[in-house]
Amino acid sequence: MLSRVANCLYWMSRCIERAENTARIVDTNLQLLLDIRNLDDSTLAEHWMPIVQSTGDDAEFLEKYPRATGQAVTDFLVFDTENPNSIVSSIAQARENARMVRDQITSDLWEELNRLYLWMRGPDARYMWQQSPTDFFTQIKNTSLLLLGLIYATFVHNEGWQFMQVGKFLERADKITRILDVRHKTFPEKGAPVTITQSDALEWSAILRSCSAWDAYKAAYGAEVRPEWAVELLLFNEEFPRSVRFCIEKLNDALHAISGVPARRYSNDAEKLCGRLLAELEYGSLDEVLAHGLHGYLDLLQFKFNEVGEALFNAYIFQPFLNLEDEILVQQEMQQQQ
Amino acid sequence: MAGAATRPHYRKMRDAFESLTVPEFSARSQAVDLAFMRQGITFNVYGDAQGTERIFPFDMLPRIIPAKEWDHIEAGLKQRITALNLFLHDIYHEQRIVKDGVIPPYYILSGKHFRREFAGFNVPKDIYIHICGTDLIRDADGNYLVLEDNGRCPSGVSYVLENRRAMKRTFPGMFESIGVRPVEHYPQELLKMLQYIAPAGVAEPTVVLLTPGAYNSAYFEHTYLARQMGIEIVEGRDLVVRDSRVFMRTTKGQRPVHVIYRRLDDDFLDPTVFRRDSQLGVPGLINAYRSGNVSLANSIGTGIADDKVMYYFVPRMIKYYLDQEPILPNVPTYLASEDADKKYIVENLDKLVVKAANESGGYGMLMGPRASQKERDDFKTAILADPRNYIAQPMISLSTHPTRQDDGTFEGRHIDLRPFALYGEKITIVPGGLTRVALRKGSLVVNSSQGGGSKDTWVLYGDE
């Protein structure tokens, strides 16, 4: 398949996943604030600033808004078209990528994505957002899940589909670490939290809910919320579809499906780096994370995701292009030699 | 709807539609618009910073052509595309038509799109215009006349296919009982033609569609056709030329390409040969084409046949190459570069339509009777400064067709017809074509960029 097409499918899928995860994280924080009493400006900023940091756009945010109020942060993350990672921008990018490869995707998928885009840009979305933010975020999440379902159920599971898998799982793994990082302050620099306050418990159950992990957590650990167990679930669980390990395993599968190289072998750096990362997650443990310090460990994971992404780009998407001027010269030389 | 005056071939349709109330009709019409918007069947409006996409407005009342009329149109179009191809072969080779004094050499040599670099070059299978979208109008007496030949990259065929799909979804029962000829096979015919022109010796040619990209106004059509044909849609940057062969960049390395259905004008194809500032083309493509390793549809250099001055000579071409009378006549045309005509044109600007020789899409045009004195004066200056670049035609009263208004009533609006001819092993014309309609009352401009809409075109198996 064309490299450009693979690239578009990868980003389309990634941006859909990004919009969904941003919706999850903002929604959860809004709901969490309902449980907290005596909110003043600084408490509010303490709650909202980490959310902005989780998207990695804190510098851009602070340029535009003096303080991290709920209004400012949600504006920035939801409807701000100047923020490239806002929900509206992510959906627009997903749709733009889809449009470039309109011939490669099913009509069902395109129409649903286009509908979401038109809705986000029209007055209905803002109206719903003002009436009930939760309904609004549910709408985004549901549409994203519908899109994932359409991709799964209406697409031929061919090379292009695998590139969409890669985009989805890489983005999801990355976002899980960022969501965990939102509350890394619960943890001391190294080791597990010593005491857990009621608000810690509330915050960490919000984290679990934003990853749709609350039920999985209760089934595995019971009703008591301990931050380190939540970390364990979201990093290492083998079967939970929003754990980092699960995502990396699927990512690894997709990479091998693309190259046709059997598992446990590799034909390019992306497969090698991904295979090594998977082994680390398969054989890693919570104790290691705590010994390393949560924040540092998450940073390291994000760095490794980026490495895989870059290696993937080099292996499949990027083939040494000459720039246009150079290419013109090359062609003229070749023509003169004839 | 029109009562007593309904022509016989409209009767069945009228009976079927008459059972609908106005609100029902409106509801179905809105459902179709919504479906088009959702499916992204839109075009981009140039010069609009917001990148606005609009649907091409669709009028649900179909235009109907009886078998007898269609046979006449089809024969006329085949005759015309045959003559145009013979003409293009001739002017890029022996130039007999010039030597025999039928067309003055000046007009060809001064043609903006005449590619003298391709003199003597043999195009694959000797076909120049593979896809032709000729614009036809009906005059007050009901005769079909040719308004212009679009022999470069005519667009609009996707609307033919999508309009039909929308009509079938909305009125499923109607087609069989009325006896409407299908159009759905266009993509297969197009692919067959593209495979036919592949370079010699390539058993299973790889065909691609070359698009300027997602921001082109016809991008929807490009992806639509590529998908229907099951071929790759590529941009210039997806292709690379090595050793005079064209390859596309894929995730598995470079793969050879044999036939390119290009939706890019000559000027942008190859920055090493034509416009150097073109970011859309492929460096080296023309060299690969000249070496016979890749075929292009349409061929390079067909733009000269789109020149509105050349249009004037098409009836003579038909006579000269085929020794036949034109089946579909031209609209009477005056050439500003002929002294007598020029005098007539500038003295009668208030009665004439003036067109620039190499513009399309309704741009560069003066509708004399409706223009202001200043507009007419501006055109007069322009014509006198560069007569070669202008032609004039009397204002033809385009035929009208009942068309739905915003308030749910129906009124006559001006229409034209663009059938699409494919020239491969033989000439194929999908029955009907794109009927464009000027939605503004009294307007004669049907272009999508200027307030035009479209209708489904039904060619009947019979005459009623």
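Colleague: Happy to look at this with you! How many bridges join strand β22 of chain B to β23(B)?

Modeller: Welcome! Strand β22 of chain B covers residues 434-438, and β22 and β23(B) run antiparallel. Since this is a predicted model, everything here is computed from it. In this pairing B:A438 stands opposite B:G452 in β23(B). The number of bridges that join the two strands is four.

Colleague: In which sense do strand β3 of chain B and β23(B) pair?

Modeller: Strand β3 spans residues 58-65 of chain B, and five bridges link β3 with β23(B). One facing pair is B:F58 and B:S454, the latter in β23(B). The sense of the pairing is parallel.

Colleague: How many residues of strand β23 of chain B are buried?

Modeller: A residue counts as buried if 20 or more other C-beta atoms lie within 10 Å of its own. Strand β23 of chain B runs over residues 452-459 and is mostly covered. Of its eight residues, the number buried is eight.

Colleague: Now to chain A. What separates the centres of domain 1 and domain 2 of chain A?

Modeller: Domain 1 of chain A takes in 1-154, and domain 2 takes in 157-319. Taken over C-alpha atoms, the separation of their centres is 20 Å.

Colleague: Which helix gives the largest share of the side of domain 1 of chain A that touches domain 2 of chain A?

Modeller: In chain A, 26 residues of domain 1 are in contact with 24 residues of domain 2. On the domain 1 side, α1 (3-33) and α2 (41-55) of chain A each supply at least two residues. The largest share, 18 residues, comes from α1(A).

Definitions and conventions:
Residues are numbered from 1 along each chain as its sequence is written. Chains are lettered from A and ligands numbered from 1 in the order in which they are written. This is a predicted model: local features need pLDDT of at least 70, side-chain atom pairs count only at pLDDT 80 or more; totals for chains, interfaces and linings use all residues. A residue is buried if 20 or more other C-beta atoms lie within 10 Å of its own, exposed if 12 or fewer, and partly exposed in between; C-beta atoms are placed from the backbone. Two strands pair if DSSP finds at least two bridges between them. Domain bounds come from an automatic or database domain assignment. Two residues are in contact if their C-beta atoms, placed from the backbone, lie within 7 Å.
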